[in-house]
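Hi everyone, thanks for coming. Let me put the structure up on the screen, and then I'll walk you through a few parts of it.

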Amino acid sequence: MILRPSLLPALGVFAVAARHQNFAHAAEELHLTASAVSHHVRKLEVLLGTVLFQRHARGVRLTAEGRQLADAAAAALSDLNAVAGNLHPQADIVPLRVTTIRSLSYCWLVPRLARFTAQYPQVRIELQTSTELVRFDDTGPELGIRYGLGQWPGLRAHHLMDDELCPVASPALAGVAALREPAQIAALPLISDMSPQGWRDWFRAAGVRGLELPSVHSFSDSTDAMRAAVYGIGAVLARKHIAQPYLQRYELVRLPGPALKARYAYYVVHAEHRPLSPTAVAFMDWLKREALDERTPIPALPDELLGRPALSGAR
């Protein structure tokens, strides 16, 4: 059965009556009479061939069928309200579109975003992740964070932070506890994320020469390579900013050997022809401040999950 458009007003009245489960209260909210509310509900019941409310001396109560329809009507009205809000956004809400690579978003940016949203509660972030540079036109993102040499056609780049590469592995990976020298790492299963600098570059920087490298597990995305290391597939040559949260949680540990300065760095980019909004400028300034703090925020867990006694209330 298809509800005719002419019955939508009755459905709207029913949704309010179902929320109150009281015709008089629904009538007050809708600026109708209680009898008008009852008339709309009766109209729906006749169309659907079912009883939506049980009437009794003290009022009304939804039937099982009425509850099903009420839930569906409430969900539909909520969706319509959301769409209407997007068509006419609040005057004090400011959108900001940002694009970055998935590994930095997952391990560095998203854990810090709560600091920004607390400082700028009116800003709504639209974060896009991509390995390719998207178009920075009027309908695209206003800012991007990219990993490279700092030169992209049509874009202005602002240096955000350098990076370095270091070997890491799960503390549970067989052989990790016995490692003492960089050359011993070659005996472990190795993971590559297809970065411009790899294991051969790192071993050379560590002074290990003439080493026959084993075949490696290869992942096209750094995030997947890190997760593979966490689950004990092998050791990975990780970028410092990507590895930091895993090291803090002791999911990964540093292996012996030096840190190799990365050829690439992180840059905040935007279109040369497009003036930045005040919100974008504030976000870029915030990013630069965050880049000075190498510690990645770790979400606090409830005391009961950690086995700690809850703090007593204030006296």
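**A walk through the model**

Let's start with A70, which is found in helix α4, residues 64-87. Helices here are DSSP runs of H or I with at least four residues, strands are runs of E with at least two, and both are numbered from the N terminus. Before going on, a word on what you're looking at: this is a predicted model, in which local features need pLDDT of at least 70, side-chain atom pairs count only at pLDDT 80 or more, and totals for chains, interfaces and linings use all residues. Residues are numbered from 1 along each chain as its sequence is written, and side-chain values use heavy atoms, with hydrogens and water left out.

Back to A70, then. Is A70 buried or exposed? A70 counts as buried, because its relative accessibility is 8%, and buried means under 20% relative accessible area, exposed over 50%, and partly exposed in between, with a 1.4 Å probe and protein chains only. Setting aside neighbours within four places in sequence, A70 is in contact with F14, A18 and L62, where contact means heavy atoms within 4.5 Å.

Helix α7 (residues 222-230) packs with helix α8 (residues 240-248) at an angle of about 30 degrees, and their axes are 11 Å apart. That makes α7 roughly parallel to α8. The axes themselves are lines fitted to C-alpha atoms, for helices over the stretch in contact, and angles run from 0 to 180 degrees between N-to-C directions. On the α7 side the contact is made by M226, R227 and V230, and on the α8 side by I242, A243 and Y246. Sorted by class, the residues of this α7 and α8 contact are five nonpolar, no polar and one charged. For those classes, Ala, Val, Leu, Ile, Met, Phe, Trp, Tyr, Cys and Pro count as nonpolar, Asp, Glu, Lys and Arg as charged, and the others, Gly among them, as polar.

Helix α8 also packs with α5, at an angle of about 45 degrees and with the axes 8 Å apart. That makes α5 oblique to α8. The crossing of this pair is left-handed, meaning that the near helix is turned anticlockwise from the far one by less than a right angle; clockwise would be right-handed. Which residues of α5 meet α8? They are S103, L104, Y106, C107 and W108, and their partners in α8 are H241, I242, P245 and Y246.

The next partner of α5 (residues 102-119) is helix α9 (residues 278-290): their axes come within 11 Å and cross at roughly 125 degrees. That makes α5 oblique to α9, and the crossing is right-handed. From α5, W108, L109, R112, L113, R115, F116 and Q119 meet A282, F283, W286, L287, R289 and E290 of α9. The contact of α5 with α9 divides into eight nonpolar, one polar and four charged residues.

Now, the cysteines. How many disulfides are there? Taking a disulfide as a pair of cysteine sulfur atoms within 2.5 Å, the count comes to zero. C107 is in no disulfide, and the nearest cysteine sulfur, that of C166, is 13 Å away. C107 is buried, with a relative accessible area of 2%, and C166 is buried too, at 3%.

Most residues other than glycine have a negative phi. H31, not a glycine, has a positive phi of about 60 degrees. H31 lies in the loop between α2 (23-30) and α3 (34-48), and H31 is exposed, with a relative accessible area of 73%. Y250 also has a positive phi, near 60 degrees. Y250 is found in the loop between α8 and β11 (253-254) and is exposed, at 55% relative accessible area.

That's my tour, and I'm happy to take questions.

Terms used:
Parallel < 35°, antiparallel > 145°, perpendicular 65-115°, else oblique.
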